[in-house]
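Trainee: Please take a close look at one part for me: the interface between the two chains. I would like one connected account.

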Amino acid sequence: MKKLLQLILVSSFMVSLLASAETLEVPIQGMTCPFCADGLHRKLGELPGVEKAEVSLKLKKARLTLKEGASLDKDEIRKAIIDSGFTPGEVEAK
Amino acid sequence: MKRRTLLPLFGLLMLGQLPVAGVAMGLRSFVALPVDKGGAVVRFQLERNEDVKSTVGIANLAWGLSHNQTLLFGLPYRLDPSGPKRLGDLAILYRHIVWQDDHKQGTSRLGLLGGAVAPTDNDRDAAIQAGFVATFYRGRVEWDFDALYQAGIDQRADSGRYDISRQFRLTPAVYPDWGEITEWDLVIELNGRWREGSEVVHQATLGLQWIHQSWVLEAGVTQDLNGPEATRFLVSTRLHF
């Protein structure tokens, strides 16, 4: 029972973290112009472990390049997008 | 004689009923475009009325309290003609986006506005204000609609305004996949300004916006369609912090 609990805890942790993925992409809906997306660009770039953040108005997505060995919580990415006034999709490792 | 009559009227309009268009992407209107939480947009605007030879500078600030709550401030200052009472009243608005539908093609948003106008001169009274703003964005086109009513307190006259703004992205026709973008937008607007005791003055506005990632430069011309039939020229810049 104890091992099962540990397994569940570890699994949950692994799901919420995208450890060692160097590039992450996330679809974003609601962006309208470069000026409107500037806040999002800044917020994503300020996330811990992010080396470079890019936003594509054409592809409607953001791409995050992580520092070597860095990991990032999916929820932090989603929160940064929501705080910027947009709607995030699923974060994917590339 | 006409100029003498129009100058005080224009002064009243400018000092008592100024827009708080802090984050607007319409030239003279409010929009529901987001200000990020903790972010701020500052706008400096110059408006020249050629008919009465008057120039007013307006400073605006929009501050994002959360993803759907924004505080907007606006303060006008008459640069020309000189004389007493050049500082206008401080307009304060709270904007709450109550409905938002983001999708692949764009977004639709509805925001409610509420606030007050605080006089900066003992000779003027305060006002409370309420209204709405709606934005519809698809592909290269954005439509913004807003209306605001100011109920004057004590001796202050009631006033109101509406703005219908259409922005069309001229270039680039298609955004690049990645990388920093600069775009040009054509802006066409129908505006209306009303003050208790007068008719609504409808106006047409035509302008251009040069939009960068963290700043915007824009200019336009507004023509009254009735009433004073004044022509106004507007230049403005917005900076995101």
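Mentor: A salt bridge here is a side-chain nitrogen of Lys or Arg within 4 Å of a carboxyl oxygen of Asp or Glu. Keep in mind that this is a predicted model. Asp177(B) forms such a bridge with Lys58(A). Their closest N and O atoms are 3.0 Å apart, so the pair meets the 4 Å cut-off. Between chain A and chain B the count is two salt bridges.

Now the chain A side, by element. Strand E1 (23-29), helix H2 (38-45), strand E2 (50-56), strand E3 (61-66) and helix H3 (74-83) of chain A each bring at least two residues to the side that touches chain B. H2(A) gives the largest share, five residues. By residue class, that side of chain A splits into 11 nonpolar, nine polar and 11 charged.

Next, the extent. Chain A puts 31 residues into the contact, and chain B puts in 33. About 2,600 Å² is buried between the two chains. Carbon and sulfur atoms give 60% of that area. Three residues stand out on chain A: Thr32(A), Pro34(A) and Phe35(A). Together they supply 26% of the area that chain A buries against chain B, more than any other three residues.

Methods. Residues are numbered from 1 along each chain as its sequence is written. Chains are lettered from A and ligands numbered from 1 in the order in which they are written. This is a predicted model: local features need pLDDT of at least 70, side-chain atom pairs count only at pLDDT 80 or more; totals for chains, interfaces and linings use all residues. Side-chain values use heavy atoms; hydrogens and water are left out. Contact means heavy atoms within 4.5 Å. Buried area is the accessible area (1.4 Å probe) that two parts lose on being put together, summed over both. Helices (H or I, at least four residues) and strands (E, at least two) are DSSP runs, numbered from the N terminus. Ala, Val, Leu, Ile, Met, Phe, Trp, Tyr, Cys and Pro count as nonpolar, Asp, Glu, Lys and Arg as charged, and the others, Gly among them, as polar.
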